[in-house]
Amino acid sequence: MRFLWPEMLFLLLFVPALVGAYLYALRRRKNVALRYASLAIVKSAISPGQRFRRHVPPALFLLAMTAAIVGMARPTAVVILPAEFITVVMAMDVSRSMLAADVAPNRFTASQDAAKSFIEELPRGIRLGIVSFAGTAAAVQTPTEHKEDLRAAIDRFQLQRGTATGSGIILSLAMLFPDAGIDLEAAIFGSPFSRYGGGGAAPIERARAADKPKKEFTPVPPGSYTAGTIVLMSDGRRTTGPDPLMAAKMAAERGVRVYTVGFGSRDGAAVSGGYEGYSFYAIPDEATLKAVAAATGGEYFHAASATELRKIYDKLSLQFALERKETEVSALFSAAAALLVLGAALLSMLWFHRRG
């Protein structure tokens with residue numbers, strides 16, 4: 001819990017003073033009672049229950065004062081609320097290792113079916129963009145709520161050589177922040193290809209880049225961006241493109257969480273009939289996927305079957321429908337203080353017939 005006006009908490013120092021004043025008043029009453037000829041008369045008039053009950057209203061009033069002071073300090077708490085708006089970018093591996101048949105009928109078809117199921121379960125108000133990556137990354141569908149367009153984008157997947165996991169993350173970031181000036185060419189192909197005047201850029205492109213200077217970027221805490229996130233599914237190791245951990249650092253600096261999914265059996269599977277007829281073995285790179293998720297404040301999942309992959313997507317769909325938000329809760333403390341004062345007054349009138 002955090003306080004917007006923490007300086008108001010100094011008023012809590014008055015609480016011990018109120019307790020002391022109450023104890024002093026009780027002691028003075030006791031001294032007055034000693035003036036009676038016989039204390040037995042006083043004790044017989046007050047039952048044990050009454051001796052306890054007389055402290056309840058003051059205790060409730062003291063709690064009310066404490067709650068009111070805390071409320072004056074404007075406390076905030078992180079609460080889970082329905083998400084108002086969020087963009088999810090799904091980055092999917094379409095490398096030839098997805099032909100492995102350890103997931104029936106094969107990883108590629110099973111991942112497409114699971115992705116379509118994820119699309120159907122997405123709550124309203126969530127936009128989904130789709131990126132595919134193999135030897136490089138491609139924007140298959142810009143963020144939209146139209147599920148027919150999203151399903152059609154999944155059907156357009158084409159298997160290719162290579163696995164550029166880092167490129168998939170960087171292109172997903174560019175889709176989340178289209179106006180942030182992310183230099184895709186430099187990040188994916190190296191600085192000579194920078195859109196901001198690298199040596200490999202064409203003269204006309206360098207001239208255009210001069211008219212649009214690179215935007216200043218200020219890093220934010222990892223996981224602090226609540227309007228968008230990335231879900232990355234891969235079944236193998238990166239073979240080309242930028243380092244996924246470098247791409248994860250870019251996401252973390254922008255506060256974007258990356259949820260990663262390792263698809264396929266942990267022991268791997270043989271893939272035959274690939275490019276030019278050669279065969280190879282495909283094993284999910286869990287270590288890298290876990291590191292990407294950890295660096296960005298996301299979470300890693302492993303799915304060894306189509307059913308497990310659907311369950312993971314269902315869980316994420318529900319998670320994206322809710323968001324954690326820091327909210328001021330001073331009204332709750334004010335309401336609690338009012339109820340405690342009301343309770344103290346009612347008990348005082350009920351037990352001791354005090355009406356003024």
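This is a predicted model: local features need pLDDT of at least 70, side-chain atom pairs count only at pLDDT 80 or more; totals for chains, interfaces and linings use all residues.
R74 is partly exposed, with a relative accessible area of 25%. The protein chain has 356 residues, and 39% of them count as buried. Among the contacts in the chain with a separation of 6 or more, 78% are between residues 24 or more positions apart.

**Backbone spots to look at**

- Back to R74: you'll find this residue in the loop between α4 (56-72) and β2 (75-82).
- R74 has a phi near 55°, which is a positive value in a residue other than glycine.
- There's a cis peptide bond running from A104 to P105, with omega near -10°.

- Six strands make up an open sheet with mixed pairing, and the order reads β5-β4-β3-β6-β7-β10.
- At the edges are β5 (137-144) and β10 (300-303), each of which pairs on one side only.
- Going from one strand to the next, the twist averages 15°.
- β10 pairs with β7 (residues 258-263) in the parallel sense, over 4 bridges.
- Within that pairing, T260 has Y300 in β10 as its bridge partner.
- F263 stands opposite A303, also in β10.

**Both sides of β10**

- β10 may be an edge strand, but both of its faces are covered.
- Y300 and H302 are buried on one side, while F301 and A303 are buried on the other.
- Two of these buried residues have already come up: Y300 as the bridge partner of T260, and A303 as the residue opposite F263.

**Helix α12 on the sheet**

- Helix α12 (residues 306-320) packs on the sheet.
- The strands touched by α12 are β3 (86-93), β4 (126-133), β6 (228-234), β7 and β10.
- The direction of α12 makes about 150° with that of β10.

**Helix α5 against α12**

- α12 also meets helix α5 (residues 107-121): the two axes come within 9 Å and cross at roughly 25°.
- Angles under 35 degrees count as roughly parallel, so α5 and α12 are roughly parallel to each other.
- The crossing of α5 past α12 is right-handed.
- From α5, the residues taking part are A110, S111, D113, A114, A115, S117, F118 and E121.
- From α12, their counterparts are A306, L309, R310, Y313, D314, S317 and F320.
- Sorted by class, this contact has 8 nonpolar, 3 polar and 4 charged residues.

**A link across the sequence**

- P57 is found in helix α4, and this proline is buried, with a relative accessible area of 8%.
- Which residue is 285 residues from P57 in sequence but 9.7 Å away in space? That's L342, with the distance taken C-alpha to C-alpha.

Technical notes: Residues are numbered from 1 along each chain as its sequence is written. Side-chain values use heavy atoms; hydrogens and water are left out. Two strands pair if DSSP finds at least two bridges between them. Helices (H or I, at least four residues) and strands (E, at least two) are DSSP runs, numbered from the N terminus. Axes are lines fitted to C-alpha atoms, for helices over the stretch in contact, and angles run from 0 to 180 degrees between N-to-C directions. Contact means heavy atoms within 4.5 Å. Angles under 35 degrees count as roughly parallel, over 145 as roughly antiparallel, 65 to 115 as roughly perpendicular and the rest as oblique. A crossing is left-handed if the near helix is turned anticlockwise from the far one by less than a right angle, and right-handed if clockwise. Ala, Val, Leu, Ile, Met, Phe, Trp, Tyr, Cys and Pro count as nonpolar, Asp, Glu, Lys and Arg as charged, and the others, Gly among them, as polar. Buried means under 20% relative accessible area, exposed over 50%, partly exposed in between (1.4 Å probe, protein chains only).
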